[in-house]
Amino acid sequence: RLLCEPVRFWGTITTESKHFWHGIDRALLFHKFNASFLCPISTTSNQNVAKKFSNSDEGIMIKLSCASEKSMIPYLDVSCISEFRMESERLFYGADLNIVDIIYQGEKLL
């Protein structure tokens with residue numbers, strides 16, 4: 001609850017044209033191409049930062065966006081309170097996001 005309220009009340013509404021990245025250090029299988037994150041998910045607006053987190057032979061990067069402008073999905077820019085400000089960290093909580101692309105070992109899969 002302590003993370004949900006700041007995202008909902010002080011977050012910025014994302015737009016369909018804005019993309020976020022999430023690096024994962026191993027490959028995952030996806031059963032659908034949108035995801036409901038019912039927990040906090042840390043993303044970045046900088047693709048190079050996500051690349052660092054997925055920097056392994058098995059890692060992937062997922063490119064995320066909201067489904068449409070009508071979705072009204074808020075995120076909180078936490079870069080100002082982060083120890084690593086250059087990571088451009090954006091926090092989502094309880095968000096339905098589209099998986100726009102999956103990048104595995106530098107190759108786009110979608």
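Predicted model: local features only at pLDDT ≥ 70, side-chain atom pairs only at ≥ 80, totals over all residues.

Trainee: What does the chain contain, and in which order do the elements run?

Mentor: You'll find two helices and seven strands. Starting at the N terminus, the order is α-β-β-β-α-β-β-β-β. The chain has 110 residues, and 37% of them count as buried.

Trainee: Why is Thr-43 called buried?

Mentor: Set the value against the cut-off: buried means under 20% relative accessible area. Thr-43 has 3% relative accessibility, so Thr-43 counts as buried. This residue is found in strand β3 (residues 34-44). Its contacts, leaving out residues up to four places away in sequence, include Phe-20, Trp-21, Leu-64 and Phe-92.

Trainee: And Thr-44, is that buried or exposed?

Mentor: Buried, because its relative accessible area is 4% and the cut-off is under 20%. Thr-44 is also placed in strand β3. Beyond residues up to four places away in sequence, Thr-44 touches Phe-20, Trp-21, Val-49, Ala-50, Glu-87 and Ser-88.

Trainee: What makes the pair of Thr-44 and Asn-46 a polar contact?

Mentor: The limit for two N or O atoms is within 3.5 Å. A polar atom of the Thr-44 side chain lies 3.0 Å from the backbone nitrogen of Asn-46. The Thr-44 side chain also reaches the backbone oxygen of Ser-88, at 3.5 Å.

Trainee: Why is Ser-45 called partly exposed?

Mentor: Its relative accessible area is 30%. Buried needs under 20% and exposed needs over 50%, so a value in between is called partly exposed. Ser-45 is found in the loop between β3 and α2 (47-53).

Trainee: Which residues does Ser-45 touch, not counting residues up to four places away in sequence?

Mentor: His-19, Trp-21, Ser-88 and Arg-90. Look at Phe-20 too: its C-alpha atom is 4.8 Å from that of Ser-45, although the two residues are 25 apart along the chain.

Trainee: How do you know that Ser-88 counts as buried?

Mentor: Ser-88 comes in at 19% relative accessibility, so Ser-88 counts as buried; the cut-off is under 20%. Ser-88 is found in the loop between β5 and β6 (89-104).

Trainee: What makes β2 a partner of β4?

Mentor: Pairing takes at least two bridges. Five bridges join β2 to strand β4 (residues 60-66), and the two strands run antiparallel. You can find Trp-21 opposite Lys-63 in β4.

Trainee: How many residues of β2 are buried?

Mentor: Four of the five residues in strand β2 (residues 20-24), and that makes the strand mostly covered.

Trainee: What share of the contacts joins residues at least 24 apart?

Mentor: Among contacts between residues at least 6 apart in sequence, 79% join residues at least 24 apart.

Definitions and conventions. Residues numbered from 1 in each chain as written. Heavy atoms only, no water. Buried < 20%, exposed > 50% of the residue type's maximum accessible area, 1.4 Å probe, protein only. Contact = heavy atoms within 4.5 Å. Polar contact = N/O pair within 3.5 Å; in protein donor to acceptor, adjacent residues only side chain to side chain.
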